[in-house]
Amino acid sequence: MTQQEFERIRGNWLNTDQPPPFARAAAHAGVRFSQAAVPTRISISALRGPNFISTWLECSPVEATFLRDLPERQARSLFLFVNSGEVRLSVGRMSATLDRGAVVALRPGAETIRFQAFDDQSDVLVFSIKSMLGLTMRRPDEPAIHMLPEPSLNAFAFGACFGLAQALPPSSSRVGRELQDAADAVARSLLKQWVMPRDDHADLREEALRFIRVHAVDQALTPGKVAIEFGVSERKLQAVFQQADEKVVRVIRRSRAELASILLDDDPDCDPALAATRSGFTSAKFMRAALSELNAEERPPRPLVTISP
């Protein structure tokens, strides 16, 4: 990791016409603002790293799009913190109006993200990052926008991301690696609220499924470790899954295969051994076998052909 992989981004827009330097700075931060009919006040401060962008945005009423025009942007989870004002987010058919203190996560994907600020002054922090845990959210059965409910975790993450947005690029490759590791840790603290939300009414199978999706990248994950996490015997856990005609080991393998499929779709030239390791498999051979199983499950059954006498 080199210092050149980090970029400090600054920009201001203080009138009706959008200055070209501001438009370029916003694009580097992953934002495209609509043209304004009235004088506008917008300030951007951001740090872009190899796998993340943290952006502090102060603005008057404005509309914008968070860019997902490149594969690297489509692979990122996006978090938005509303520090002041009222804003609206729209992703596909889903939308949410957010007030001060709200924190949301947006799943990775290619859907257009539209942003609108309503008040005279809105302060918003936008943090986007590519992480393996975030890729588990890249599924059609997950909501496009998810509220994150834990105030203490959100406050910690806000402070860290705000600091990143104001920071200078790292002074050495070592510091750059530490900064990327810190950004990854912040993302995990936020994503776990999504992947494993607190739900006192969730049943054992549902919570175990969520746990497996979070930890499938761990090559040491076994049905026994899942059972220990929930304080039950492995036999009890297997019995719960058998009621749904499933096996715990098969669910672990399928979760890893789904991650591997996403990695290989994003980067067809990715080395199979590397894709296997990143998705929790111990070898490319096991990964290919699991991918074959996953493809067979997703393939619609062939219709029977009736041969007339």
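1. Which residues in α6 meet which residues in α8? Leu 204, Arg 205, Ala 208, Leu 209 and Ile 212 are the residues on the α6 side, and Leu 237, Val 240 and Phe 241 are those on the α8 side, where contact means heavy atoms within 4.5 Å. Helices (H or I, at least four residues) and strands (E, at least two) are DSSP runs, numbered from the N terminus. This contact of α6 with α8 divides into 7 nonpolar residues, no polar and 1 charged, with Ala, Val, Leu, Ile, Met, Phe, Trp, Tyr, Cys and Pro counted as nonpolar, Asp, Glu, Lys and Arg as charged, and the others, Gly among them, as polar.

2. A word on the basis of these points: this is a predicted model, in which local features need pLDDT of at least 70 and side-chain atom pairs count only at pLDDT 80 or more, while totals for chains, interfaces and linings use all residues. Residues are numbered from 1 along each chain as its sequence is written, and side-chain values use heavy atoms, with hydrogens and water left out.

3. Two packed helices are described by the angle between their axes and the distance between the axes. The axes of α6 and helix α8 (residues 234–242) come within 10 Å and cross at roughly 100°, which makes α6 roughly perpendicular to α8. Here axes are lines fitted to C-alpha atoms, for helices over the stretch in contact, and angles run from 0 to 180 degrees between N-to-C directions; angles under 35 degrees count as roughly parallel, over 145 as roughly antiparallel, 65 to 115 as roughly perpendicular and the rest as oblique.

4. α6 also packs with α9, at an angle of about 40° and with their axes 9 Å apart, and the two helices are therefore oblique to each other. Their crossing is right-handed; a crossing is left-handed if the near helix is turned anticlockwise from the far one by less than a right angle, and right-handed if clockwise. Leu 209, Ile 212 and Arg 213 of α6 meet Val 248, Val 251, Ile 252 and Ser 255 of α9, a contact that divides into 5 nonpolar residues, 1 polar and 1 charged.

5. The axes of helix α4 (residues 151–166) and α5 come within 10 Å and cross at roughly 150°, so α4 and α5 are roughly antiparallel to each other, and their crossing is left-handed. On the α4 side the contact is made by Leu 153, Asn 154, Phe 156, Ala 157, Ala 160, Cys 161 and Leu 164, and on the α5 side by Leu 179, Ala 183, Val 186, Ser 189, Leu 190 and Gln 193. These residues divide into 10 nonpolar, 3 polar and no charged.

6. The largest pocket holds about 470 Å³ of space. On a 1 Å grid over the protein atoms alone, a pocket is an open set of points with protein on both sides within 12 Å along at least five of seven lines, a cavity is a set of points where a 1.4 Å probe fits but cannot get out, and lining residues have an atom within 4 Å of a point. Grid points are joined across faces, edges and corners, and a volume is the space filled by probe spheres set on the points. Of the 17 residues that line this pocket, Lys 130, Ser 131, Met 132, Leu 133 and Asp 184 are the closest to its centre. The elements that give two or more residues to this lining are α3 (132–135), α5 (173–195) and α6 (204–215), with the largest share, 5 residues, coming from α5. The lining divides into 6 nonpolar, 5 polar and 6 charged residues.

7. The second largest pocket has a volume of about 330 Å³, and of its 18 lining residues Arg 138, Glu 258, Leu 259, Ser 261 and Ile 262 lie nearest its centre. α9 (248–266) and α11 (284–298) are the elements that give two or more residues to this lining, to which α9 gives the most, with 7 residues.

8. The structure holds 1 cavity of 30 Å³ or more, and about 170 Å³ of space lies in the largest cavity. Gly 30, Phe 66, Leu 67, Leu 78 and Ser 128 lie nearest its centre.
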